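Here are my notes for you to read alongside the model. Take them one at a time, with the viewer open.

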Amino acid sequence: MLTIQYVPHSEFLNLDSTSKIKKILGLVKEEKIVMVEGKLKKTEEAELIQRTMEIIDQKFKGIEIASIDPQETNAFKKFLFNMLLGDRTGVTLIGPASVVKSIKKDPNKIQLFTKTGGSKKNKRKTKKKK
Amino acid sequence: MVNVFKRLLGRIFKNLFKKKKHLKIGLYGPPNAGKSTLANRICKDWLGEEMSAVSNIPHETREIEIKEQINLQNDGKELSFSLVDTPGIATKIDYEDFIKKGLKKKEAKQRAKEATKGVIDAIKWLDDMDVVIVILDSTQDPYSQVNITIVGNLQARDIPVLLVGNKVDLKRSNLKKIEAAFPQYDIVGISAQYGNNIDKFYDALISTANA
């Protein structure tokens, strides 16, 4: 069974980067797809990759991750969004590589493809349109 | 505001001493984008010898490799640097993928173990770089999170970046897609294997390093 767990921004409010990453990886190791409100800092993404590499073994093969941000071309509005909302804008999807085949992304949508025993017919697709 | 001031101060300080120091230029990117092929091209062009082993099996480079004292001269301009070839950065490594590429189980497991350590080392080394060449495979989807994470981390660390789209000799190559994904950068399209557009790449590298 495929489980998607939504993590609101409020759950991360009082956590430092290390705790945040520990929480995400804990959920992913339970074979859940995690949907985080907002996006991680770039340095946190790098740390997430490092921590992932440390725990890879024969069972846990790593993660798939993608985040998407609202496309705001107006520089002032973008600045205002960042000032008011910070990392809360957008959404980040993180899933175990054993479950998630790939996450395809373009500026306006994310498509998450899961593995279902190699059968193309049963391939599930989750689409998020902005 | 404090960050902006810090960055400004850092840049001024960096520029004051830039001319005196020997630059460390890193090659970063996802596995099989052509980092080692480009490292070999640069070393062959300016030192007359190759630097790294290359292979079609991902994660051929699993340790940081450094070539000291490369003196590049192009169009009357010069650049002296050490070249650092890094393992490809990935979010997943499955030893079974290496078995599918023809490795034996034991070799595949060892390669996977070394590859995970290589990714950790590559990220750790980011802070030591003065300039980074990010190499993307122009036949692949540029929107992968690994590409975005690498470029974002370089921006966050205020490290000058030269973005290169490799494998332009292939029919499936699509530089426009990379340009759309990273509109804030001038993308240089090259073929590291055949040397297409390599003079333009050297020119861009000197400009990026001296910016």
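**Notes on the helix packing**

1. Start in chain A, with the two helices α1(A) and α2(A). On the α1(A) side, the residues in contact are A:Ser17, A:Thr18, A:Lys20, A:Ile21, A:Ile24, A:Leu25 and A:Lys29, and they meet A:Glu44, A:Glu47, A:Leu48, A:Arg51, A:Thr52 and A:Ile55 of α2(A). Sorted by class, this contact of α1(A) with α2(A) has 5 nonpolar, 3 polar and 5 charged residues. Bear in mind throughout that you're looking at a predicted model.

2. Now the geometry of that pair. Helix α1 of chain A covers residues 17–29, and it packs against α2(A) at an angle of about 50 degrees, with the axes 10 Å apart. An angle from 65 to 115 degrees would count as roughly perpendicular and one under 35 as roughly parallel; α1(A) and α2(A) are therefore oblique to each other. Their crossing is right-handed.

3. Next, follow α2(A) across to the other chain. Which residues of α5(B) does α2(A) meet? They are B:Gln145, B:Ile148, B:Thr149, B:Gly152 and B:Asn153, and the α2(A) residues that meet them are A:Lys42, A:Thr43, A:Glu45, A:Ala46 and A:Ile49. By class, the contact of α2(A) with α5(B) has 3 nonpolar, 5 polar and 2 charged residues.

4. How do those two helices lie? Helix α5 of chain B, residues 145–156, packs with α2(A) at about 125 degrees, and the axes are 8 Å apart. That makes α2(A) and α5(B) oblique to each other. This crossing is left-handed.

5. Helix α4(B) deserves a look of its own.

6. The buried residues are B:Ala108, B:Arg111, B:Ala112, B:Ala115, B:Thr116, B:Gly118, B:Val119, B:Ile120, B:Asp121, B:Ala122 and B:Ile123. Within chain B, the buried residues of α4(B) pack against β1 (23–28) and α3 (95–100), and they also pack against α2 (42–55) of chain A. A handy rule when you read such a list: an α-helix has 3.6 residues a turn, so residues three or four places apart point the same way.

7. Here's another helix pair, this one inside chain B. Helix α2 of chain B (residues 35–46) and helix α7 of chain B (residues 198–210) have axes that come within 12 Å and cross at roughly 90 degrees. So α2(B) and α7(B) are roughly perpendicular to each other. From α2(B), the contact uses B:Leu38, B:Arg41, B:Ile42, B:Asp45 and B:Trp46, while α7(B) brings B:Ile198, B:Phe201 and B:Tyr202. The classes here are 6 nonpolar, no polar and 2 charged residues.

8. Step back to chain B as a whole. Chain B has 7 helices and 6 strands, and reading along the sequence gives α-β-α-β-β-α-α-β-α-β-α-β-α. Of its 211 residues, 50% count as buried. Take the contacts in chain B between residues at least 6 apart in sequence: 72% of them join residues at least 24 apart.

9. Last, a loop residue in chain A. A:Pro107 sits in the loop between β5 (100–106) and β6 (109–114) of chain A. Is A:Pro107 buried or partly exposed? Its relative accessible area is 29%, so A:Pro107 is partly exposed.

Key. Residues are numbered from 1 along each chain as its sequence is written. Chains are lettered from A and ligands numbered from 1 in the order in which they are written. This is a predicted model: local features need pLDDT of at least 70, side-chain atom pairs count only at pLDDT 80 or more; totals for chains, interfaces and linings use all residues. Side-chain values use heavy atoms; hydrogens and water are left out. Buried means under 20% relative accessible area, exposed over 50%, partly exposed in between (1.4 Å probe, protein chains only). Helices (H or I, at least four residues) and strands (E, at least two) are DSSP runs, numbered from the N terminus. Contact means heavy atoms within 4.5 Å. Axes are lines fitted to C-alpha atoms, for helices over the stretch in contact, and angles run from 0 to 180 degrees between N-to-C directions. Angles under 35 degrees count as roughly parallel, over 145 as roughly antiparallel, 65 to 115 as roughly perpendicular and the rest as oblique. A crossing is left-handed if the near helix is turned anticlockwise from the far one by less than a right angle, and right-handed if clockwise. Ala, Val, Leu, Ile, Met, Phe, Trp, Tyr, Cys and Pro count as nonpolar, Asp, Glu, Lys and Arg as charged, and the others, Gly among them, as polar.
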